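Visitor: Please take a close look at the aromatic rings, and describe them together with their surroundings.

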Amino acid sequence: MMRKRVQMLGLRKFGLITLLLMLVFTIACGSADPDEGDTGGAAGGDAPAAAEEVPSGPPGVEIVSTDAMYTEDDLINTPNFKKSKNYKVEGLDQATAAIYGFFGPDPYDRQEFEARFYPDHETAITVGVDFADEATGPDAVIAKDIQRWDEGLVQRRACSGNTRGSHHSGKCDNAKYGDYVVAGNLVLLCQGKDSDTSLNNCNDLMEALQSQ
């Protein structure tokens with residue numbers, strides 16, 4: 001009789017432990033898997049639409065657009081743009097054309113620009129950006145023996161004055177173009193003493209170009 005009682009107690013104890021384990025398991029599953037139909041308030045449990053992927057280019061490069069295709073005539077016909085030179089693109093890898101000119105609403109206060117055209121956007125953000133980095137910004141070395149493409153090198157140089165009343169000091173190895181933008185197949189280098197000034201000038205010209 002005593003042995004049977006002990007066995008019954010053992011069975012009751014085992015059953016209690018099993019019940020507790022099942023309860024803990026049920027609670028854990030419920031907390032780990034909340035309302036599957038709740039998708040942030042979407043009606044009917046539908047999953048929210050995926051965010052539209054924004055195309056990007058190399059780090060630090062301002063992409064104005066990706067699918068635009070521009071020609072020389074598009075830029076030449078932009079109001080207040082004045083073409084000065086057509087550059088030979090030999091040595092500017094895969095470029096189809098390059099133009100140097102001026103833009104600004106005030107004919108006496110126009111900024112300088114260099115536009116490089118490529119067959120497509122992919123080429124512009126790879127080969128085009130590689131060459132543009134070499135010729136823009138404070139780290140650019142505008143020297144003929146360093147620049148891979150020296151066509152138009154004179155126009156890409158900015159001279160710094162160091163004497164009173166003197167505009168030029170003879171030291172003309174600074175980059176005139178502080179930065180650039182990529183718009184589709186176009187890489188546009190823009191005059192500016194720093195990146196912000198340059199990009200503002202780029203955006204002014206791009207607005208005029210895109211509004212045609």
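Guide: The account below begins with the chain as a whole, turns to the rings, and then follows the neighbouring loops and the remaining features.

This is a predicted model, in which local features need pLDDT of at least 70 and side-chain atom pairs count only at pLDDT 80 or more, whereas totals for chains, interfaces and linings use all residues. Residues are numbered from 1 along each chain as its sequence is written, and side-chain values use heavy atoms, with hydrogens and water left out.

The chain comprises 5 helices and 8 strands; these are DSSP runs numbered from the N terminus, helices being H or I of at least four residues and strands E of at least two. Their order along the sequence is α-β-α-β-β-β-α-α-β-β-β-β-α. Of the 212 residues, 33% are buried, where buried means under 20% relative accessible area, exposed over 50%, and partly exposed in between, with a 1.4 Å probe and protein chains only.

The structure contains 4 aromatic pairs. Rings of Phe, Tyr and Trp (its six-membered ring) pair if their centres lie within 6.5 Å; planes under 30 degrees apart count as stacked, over 60 as edge-to-face and the rest as tilted. Tyr-87 and Tyr-100 form a stacked pair, with 6.2 Å from centre to centre and 20° between the planes. This pair links distant parts of the chain, since Tyr-87 lies in the loop between β2 (81-86) and β3 (97-103) while Tyr-100 lies in strand β3, 13 residues apart. Both Tyr-87 and Tyr-100 are buried. Tyr-87 also pairs with Trp-149: the ring centres are 5.9 Å apart and the planes stand at 80°, so this pair is edge-to-face. Here too distant parts are linked, with Trp-149 in the loop between α3 (121-135) and α4 (153-156), 62 residues from Tyr-87. Trp-149 is buried, as is Tyr-87. Together with Phe-102, the residues Tyr-87, Tyr-100 and Trp-149 form one aromatic cluster.

Another ring is Phe-131, where Arg-148 lies over the face at 3.8 Å from the ring centre. A charge sits over a ring if NZ of Lys or CZ of Arg is within 6 Å of the ring centre and within 35 degrees of the ring normal.

Gln-147 is also in the loop between α3 and α4. Because its relative accessibility is 6%, Gln-147 counts as buried. The Gln-147 side chain reaches the backbone oxygen of Glu-134 at 2.9 Å. Beyond neighbours within four places in sequence, Gln-147 is in contact with residues including Glu-134, Val-141 and Leu-153, a contact being heavy atoms within 4.5 Å.

The loop between β2 and β3, which holds Tyr-87, also holds Gln-94. Gln-94 has a positive phi near 65° although this residue is not a glycine, and is exposed, with a relative accessible area of 51%. Asn-80, in the loop between α2 (72-76) and β2, likewise has a positive phi, of about 70°, without being a glycine. Asn-80 is partly exposed at 38% relative accessible area.

Finally, the whole structure contains 1 disulfide, defined as a pair of cysteine sulfur atoms within 2.5 Å. Cys-190 and Cys-202 form it, with their sulfur atoms 1.8 Å apart. Strand β8 (residues 186-191) carries Cys-190, and helix α5 (residues 195-210) carries Cys-202, 12 residues apart. Both Cys-190 and Cys-202 are buried.

Terms used. Polar contact = N/O pair within 3.5 Å; in protein donor to acceptor, adjacent residues only side chain to side chain.
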